[in-house]
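The questions below ask what stands behind the words used.

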Amino acid sequence: MSHPAVRPVAAVYASRPTIEGAGVHLHRAFGFRQGVDLDPFLLLDDFRGDSPQDYIKGFPWHPHRGIETITYVLGGDVEHGDSMGNAGSIGAGDVQWMTAGSGILHQEMPQGDADGRLVGFQLWANLPARDKMMDPRYRDVAAETIPEVTTTGGARARVIAGTVGETRGPVQDIVIDPEYLDVRVPPGAVFEHPTPAEYTCFAYVIAGAGQFGPDAHTCANRDLVVFGPGNGVHIANSGDDDLRFLLVSGKPLGEPVAWYGPIVMNTDEELETAYRELEAGTFIKTRGTGM
């Protein structure tokens, strides 16, 4: 990839410790009122915990409307249930791509692995105005259905959504045309990957450290790397340990955002309607009998 086309690093942010749900200790890479505009993405939470007291209280019943939540688990399990009658658990390597659409009530209760550790991430993606009131749906993506590719530069990428070389990920037909990769770059290796020039693109480092962009910005664990304009990314590892990061891109919506808590609409009036319906018991538009 020629360097003039490589996306520069526009900004680097350290994720911030916070508490969500019923008392889950996590790190927020970006989110509500943090001044980081990554349209169409709204929030990224890193809920890695070393002991059950960090996460066991979980995320009890709560609503969503107008967005998609993408949960990626790398250690432990997350048990879930919802107002459509779905219930289950996602474990190490699994992804749940949940489209809230017109509205859903659900809960997510993390469980650690045999050593009491939990490793997971949740990304929120906005829905365009025309799809905000679509029927809710789930895509549970089992670990074994996610392909892993070794690139010419020696990196390895799990392809959840999008394409690396000739390999396409299992999550398809999403309106914002997202790419979601879990990339591991061994010492001495390089990861080069094309991205559409008009798309938002960021990386979130989850292990090690590496050099990002043509100016070789060194970024490390729990750093959010926001890329500027360009046609692709260049990421190298000159250290002694593996570098691992999530690489995400998607088509910006360019629409107004009215956001309060777990509900994201386009106008304040729509937001007020959603909360009135929540109080009145008319929030749920679609009910199911489970999957």
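**Reading the terms against the values**

Q: Which residues does the UniProt annotation "binding site" cover?
A: In the unreviewed UniProt entry, the annotation "binding site" covers His62, His64, His106 and Glu108; UniProt positions are given here in the numbering of this structure, feature names are shortened, and annotations may be inferred rather than shown by experiment. The structure itself is a predicted model, in which local features need pLDDT of at least 70 and side-chain atom pairs count only at pLDDT 80 or more, while totals for chains, interfaces and linings use all residues. Residues are numbered from 1 along each chain as its sequence is written, and side-chain values use heavy atoms, with hydrogens and water left out.

Q: Why is His62 called buried?
A: Buried means under 20% relative accessible area, exposed means over 50%, and partly exposed is in between, with a 1.4 Å probe and protein chains only; His62 has 18% relative accessibility, and therefore counts as buried. His62 lies in strand β5, where a strand is a DSSP run of E with at least two residues, and a helix a run of H or I with at least four, numbered from the N terminus.

Q: How do you know what His62 touches?
A: Contact means heavy atoms within 4.5 Å, and, not counting residues up to four places away in sequence, His62 touches Ile104, Leu105, His106, Gln107 and Glu108. The side chain of His62 also reaches the backbone oxygen of Pro60 at 2.7 Å, to be set against the limit for a polar contact, a pair of N or O atoms within 3.5 Å of which, within protein, one must be able to donate a hydrogen and the other to accept it, with residues adjacent in sequence counted only if both atoms are side-chain atoms.

Q: Why does His106 count as buried?
A: His106 has 0% relative accessibility, so it counts as buried. His106 is found in strand β10, and, leaving aside neighbours within four places in sequence, its contacts include Pro60, Trp61, His62 and Tyr138.

Q: Why is Gly88 called partly exposed?
A: The relative accessible area of Gly88 is 32%, so Gly88 is partly exposed. Gly88 lies in strand β8, residues 87-90, and touches Val78, Glu79 and His80, residues up to four places away in sequence not being counted.

Q: What makes Thr200 buried?
A: With 15% relative accessibility, Thr200 counts as buried. Thr200 has its place in strand β19, residues 200-207, and a polar atom of its side chain lies 2.4 Å from the backbone oxygen of Asp39.

Q: Where does UniProt place the "domain: Pirin C-terminal"?
A: The unreviewed UniProt entry lists residues 180-283 for this domain. The end C-alpha atoms of residues 180-283 lie 30 Å apart, and the span is 12% helix and 49% strand.
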